[in-house]
Amino acid sequence: MAEIQEGGGGGHKGGKKRAKKQSTRVDMTPMVDLAFLLLTFFVLTATFSKPKSMELTFPAPPPPDQKVDEVKNGITFLLTQDDRIFYYEGQFRAADDEKGTKTVLSELNFSQGSLHKYLLDKSKVMQDAIKALDAQHKNNQLADTTFKRLVKERKADKESYTYLIKTDDKATYKNVIDVIDELNINVVGKYVMVDIIKPEMDLVNEKIGATSTTN
């Protein structure tokens, strides 16, 4: 609070009357009290930002002598250098056999018209089914718990694709996160990260070598 103090002056010298000197003093105590009150308020009510992280659960590696089951409705992404994504559908075959022909790799990239569109096309049936459930939920035809259960079951449907993400030692962490983000955007319910096997890596190197030779 500001106050005016009066002092000095007022005397008579030589018959003249001198004006009184005035000085001002600002009391900072109320402002300091208010600052501490505001500081205490913000400290007590502030919410500290939590680190954003993504939890991934990796399956335990099978014993070396255990036969690996064939992945049905599986699509495998192979990530490698220079932001390149190769993929194949179904079971991997290093050579022609009685069950099928040798696996041929196709390529995608991170543009909207490539990986995003590919996943959108593959997930269209599932997404349409989830949209229909969402419409029923919004019309109060499904309870919250029933809606969540049906969506979860639809994502885990046997007809839905299972996506396997594999990387070599030249792929980047960012590319892995970008692929997972695209899977989540397209409400894919089944994907897993798996170690790349040597025949797959050989096929990727063969593809990269063929592309480099062509260029």
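Colleague: In which loop is the place of Asp 83?

Modeller: This is a predicted model, in which local features need pLDDT of at least 70 and side-chain atom pairs count only at pLDDT 80 or more, whereas totals for chains, interfaces and linings use all residues. Residues are numbered from 1 along each chain as its sequence is written, and side-chain values use heavy atoms, with hydrogens and water left out. Helices (H or I, at least four residues) and strands (E, at least two) are DSSP runs, numbered from the N terminus. In these terms, Asp 83 belongs to the loop between E5 and E6.

Colleague: What is the relative accessible area of Asp 83?

Modeller: The backbone of Asp 83 deserves a remark, for its phi is near 60°, a positive value in a residue other than glycine. For accessibility, buried means under 20% relative accessible area, exposed over 50%, and partly exposed in between (1.4 Å probe, protein chains only). Asp 83 counts as partly exposed because its relative accessible area is 43%.

Colleague: Is Asn 140 buried or exposed, going by its relative accessibility?

Modeller: Asn 140 is found in the loop between H3 and H4, and although it is not a glycine, it has a positive phi of about 60°. Its relative accessibility is 71%, and therefore Asn 140 counts as exposed.

Colleague: At roughly what angle do the axes of H3 and H4 cross?

Modeller: Contact here means heavy atoms within 4.5 Å, and the residues making it include Val 125, Ala 129 and Leu 133 of H3 together with Phe 147, Leu 150 and Val 151 of H4. Axes are lines fitted to C-alpha atoms, for helices over the stretch in contact, and angles run from 0 to 180 degrees between N-to-C directions. The axes of helix H3 (residues 124-138) and helix H4 (residues 144-155) come within 10 Å, and they cross at roughly 175°.

Colleague: In what order do the five strands of the open sheet come?

Modeller: Two strands pair if DSSP finds at least two bridges between them. Strand E5 (residues 74-80) pairs with E8 in the parallel sense over six bridges, and E8 also runs parallel to strand E9 (residues 191-193), to which three bridges join it. Across the open sheet the pairing is mixed, and the five strands come in the order E7-E6-E5-E8-E9.

Colleague: Why is strand E8 largely enclosed by the rest of the structure?

Modeller: Strand E8 covers residues 162-167. It is largely enclosed because the buried residues number five of the six.

Colleague: How far apart in space are Val 194 and Thr 76, C-alpha to C-alpha?

Modeller: Thr 76 lies in strand E5 and is buried at 3% relative accessibility, whereas Val 194 is in the loop between E9 and helix H6 (198-214). Leaving aside neighbours within four places in sequence, Val 194 is in contact with Leu 164, Ile 165 and Lys 166, while the residues that Thr 76 touches include Leu 164 and Lys 166. Val 194 and Thr 76 are 118 residues apart in sequence, and their C-alpha to C-alpha distance is 9.5 Å.
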